[in-house]
Amino acid sequence: MGSILEVQNLVKKFGDFAAVKGISFEIKEGEIFSLLGPNGAGKTTTISMLSTLFIPTSGDALVCGHSVTREPMQVKRSIGVVPQEIALYEDLTALENLRFWGQMYGLSGKTLHQRVNEVLELIGLKDKAKHRIKTYSGGMKRRVNIGVGLLHQPRLLFMDEPTVGIDPQSRRAILDSVKELNRFGMTVLYTTHYMEEAQELSDRVGIIDHGELIALGTQTELTRQVGETDTLILHIGENEDPHYLAGELAKLKGVMKAEPTDHEIALVTPSAEELIAPVVTRADQLGIKIQTIDIREPNLEAVFLHLTGRALRD
Amino acid sequence: MRKLFLIALKDLRLIFRDRSALILMLVAPFVLTLGMGAVTGRFSGSSTSGIRDIPVTIVNLDNGQLGNALVEMFTSADLADLVEPVLLSDLDAAKILVDEDESAAVIFIPEGFSASIIPDPATGSLSEHIEIEFYSNPTRPTSAGILKTILDQFISQVEIARISGEVAVRQMIENGLIETSQAAVLGATIGREMSNVSMARSSITINDITASGEAVEFDILSYMAPGMALMFLMFTVAYGGRSLIVENRQSTLPRMLVTPTSSTLILGGKVFGIFLTAVAQLLILIGGTSLLFRLYWGDLLGLIVLVMTAAIGATGWGVLLAAVLNTPGQVATVGSAVMLIFGLLGGSFFDLSNLPTWVQFLSRITPNAWGMDGFTTLALGGTLKNILTPVAALTGMGIVLFTISALWITRHGLSRK
């Protein structure tokens, strides 16, 4: 499969602030590629440049062979965009919204009618198509928001955090529909700060932080970077000092890294099971009560922690 | 171009689904027009203007033919319903009536007024120039305006008679029909005859005469309804301009910008949407007042052209507000202020001719003032050719404001709106 997207040293600055600092990657046709990173990492800015909404400060990207800086109109014809926000007209019905956006993508007549019906079927809202968007639940709005991006059957679909702020059921439906679309050949660039979504959906993942692409590869390749390590997550009480406890636990044999966050401490170790007993004993000696302990095997969260020293949700 | 119409029609549909906007766009101007019509008595009497029994005080110290003709005109049966004249001989006492709001105006005919116009039959000479004085009551601008109109028309007829007399006498002398010594006597005779004609024509009313000579009744609502429509037109265009910023906040503008549509076309569609909404609002108000109040708006072609150009001028202001302001709240606040200021400046509430010259000059920046000129002219029987100046001014206003707005938006970026 050839590349459908080639990102070449893309930079975006807002005044003195660099939101994206020279990222490069490729997406092959038929892939689901996730950009994983915390809020403010530069995911939306990257999507905005790739969809021609923002002009890059430097660098370029080729979408289906067309430059986002020199051939924006050809790029726009090739892509579908599902923005993070619900970009719909609340006083129009779902049907009216889909018809409007379909026409904005150049559809008309029978094709428009057919595609609107197919999309309504796909998002499961055919029976409520004539209800105004403002009467919909958050999950239903999200589904229409995604439907708009699919109307013109784009080769490449950009989905910018499409599951933010919705219930688990709707989230499940969206993840399933992304996989379904991909099965029918659509290439997807998916941004998220949910590690589980990236793990479930992606063929390859790019981890982005502070505007830089800090890791890129398949999930196996990425977790291999962390090595054969486990992560032990200790939950402590609100009144306890995680920094003090992390400092003390870091001195224990077998602790490779101890990272405190709010009421939690993440311990990176070659063997979590062997470390549990000494950790509990030491905490007890310090008079700190550990409420729960989770063991995490190597995953993208661990990769992010390994690379940045911070948890993904920070 | 199809997308331009698509965006515009979408905006039109959205605004007509917004109940609060509809109330301000359509219901408010109707209610205010209705209220002002009721205040002026438009709906209570048979008078076409709705204004009756205007108290006017006449002080006639002339006692010549023209002074008497003027008094007789105001006391004639033809004006009996419209005016309620009081004759006094003391100017100061008459002014007190105005000060105490018991009279809409004082018409003072100084001594020697007739003699300053009609030559002395013996000497053929005129006395020094003397003018009729008009003291208006500022709290009754409409009534005072009507009295002034009647007076102006009387003076205009006298002037026509004087000039006609002069020309007739001169031609008779030149043709040898009379001797120079007979001219004074003849001039005086013509003057007397003309004053009688003026009296005979005391059917002067607040009616206006069209170019074709056909009398057209002037309805006071023909002044108030366009005033209200134009004032609330500014609300509509500000609301439309605000939608450009709202669309960005709601992420629909960025979504449009990632469709294969140029930003120029998107901006054009938004502007066209504001224009369409403005036209729709004016047409609905015109249609509604025509049906409900039986209001005559005038020549249809002129009316359509004026509606279009008034919408262009007003849309220019709406787009400018959207271009230079940054938040929907700012546009709503400034838009409301502009609506009221333009309403006051543009003559939506009172006749601009009662205001100082500099205010009248300033009013020309508003589409309201030009629109009022056009609508009033049409209501008085004018046609398209009589409203070319307001039509040109409104179109020019729109073009200038669009250009400024487009440059501003291009400089700052449509996606940053």
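How many of the 25 residues of helix 10 of chain B are buried? The legends below describe close-up views of a predicted model.

**View 1. Helix 10 of chain B is mostly covered.** Of its 25 residues, 19 are buried. The helix runs through residues 300–324 of chain B. From the first C-alpha to the last, helix 10 of chain B reaches 36 Å, close to the 36 Å expected at 1.5 Å a residue.

**View 2. In chain A, 4 strands form an open sheet in the order 2-1-4-5.** The pairing in this sheet is antiparallel. Its edge strands, each pairing on one side only, are strand 2 (17–28) and strand 5 (66–67) of chain A. Strand 1 of chain A, residues 3–14, is joined to strand 2 of chain A by 9 bridges in the antiparallel sense. In strand 2 of chain A, K21(A) is the bridge partner of V11(A).

**View 3. An open sheet of 4 strands in chain A has the order 12-13-11-14.** Pairing is antiparallel here. The edges are formed by strand 12 (257–261) and strand 14 (290–296) of chain A, each of which pairs on one side only. Neighbouring strands of the sheet are turned by 20° against each other on average, direction ignored. Strand 11 (residues 230–236) and strand 13 (residues 264–269) of chain A pair over 6 bridges in the antiparallel sense. L232(A) stands opposite L267(A), which lies in strand 13 of chain A.

**View 4. Helix 9 of chain A packs on the sheet, as does helix 10 of chain A.** Helix 9 (residues 242–249) of chain A touches strand 11, strand 12 and strand 13 of chain A. The direction of helix 9 of chain A makes about 175° with that of strand 12 of chain A. Helix 10 (residues 272–285) of chain A touches strand 11, strand 13 and strand 14 of chain A. Its direction makes about 25° with that of strand 11 of chain A.

View 5. Helix 4 of chain A (residues 109–123) has 15 residues and reaches 22 Å from its first C-alpha to its last, close to the 21 Å expected at 1.5 Å a residue. Its buried residues are R115(A), V116(A), V119(A), L120(A) and I123(A). G124(A) follows helix 4 of chain A and has a positive phi, near 70°.

**View 6. The contact between the chains takes 18 residues from chain B and 17 residues from chain A.** On the side of chain B that touches chain A, helix 1 (2–15) and helix 8 (252–257) of chain B each supply at least two residues. Helix 8 of chain B gives the largest share of that side, 5 residues. The residues on this side of chain B divide into 7 nonpolar, 6 polar and 5 charged.

**View 7. T261(B) sits in the loop between helix 8 and helix 9 (263–292) of chain B.** T261(B) counts as buried because it has 20 C-beta neighbours inside 10 Å. Not counting residues up to four places away in sequence, T261(B) touches M104(A), K3(B), M256(B) and I266(B). T261(B) and K3(B) are 258 residues apart in sequence, but 7.9 Å apart in space, C-alpha to C-alpha.

Definitions and conventions. Residues are numbered from 1 along each chain as its sequence is written. Chains are lettered from A and ligands numbered from 1 in the order in which they are written. This is a predicted model: local features need pLDDT of at least 70, side-chain atom pairs count only at pLDDT 80 or more; totals for chains, interfaces and linings use all residues. Two strands pair if DSSP finds at least two bridges between them. Two residues are in contact if their C-beta atoms, placed from the backbone, lie within 7 Å. Ala, Val, Leu, Ile, Met, Phe, Trp, Tyr, Cys and Pro count as nonpolar, Asp, Glu, Lys and Arg as charged, and the others, Gly among them, as polar. The expected span of a helix is 1.5 Å times one less than its number of residues. A residue is buried if 20 or more other C-beta atoms lie within 10 Å of its own, exposed if 12 or fewer, and partly exposed in between; C-beta atoms are placed from the backbone. Axes are lines fitted to C-alpha atoms, for helices over the stretch in contact, and angles run from 0 to 180 degrees between N-to-C directions.
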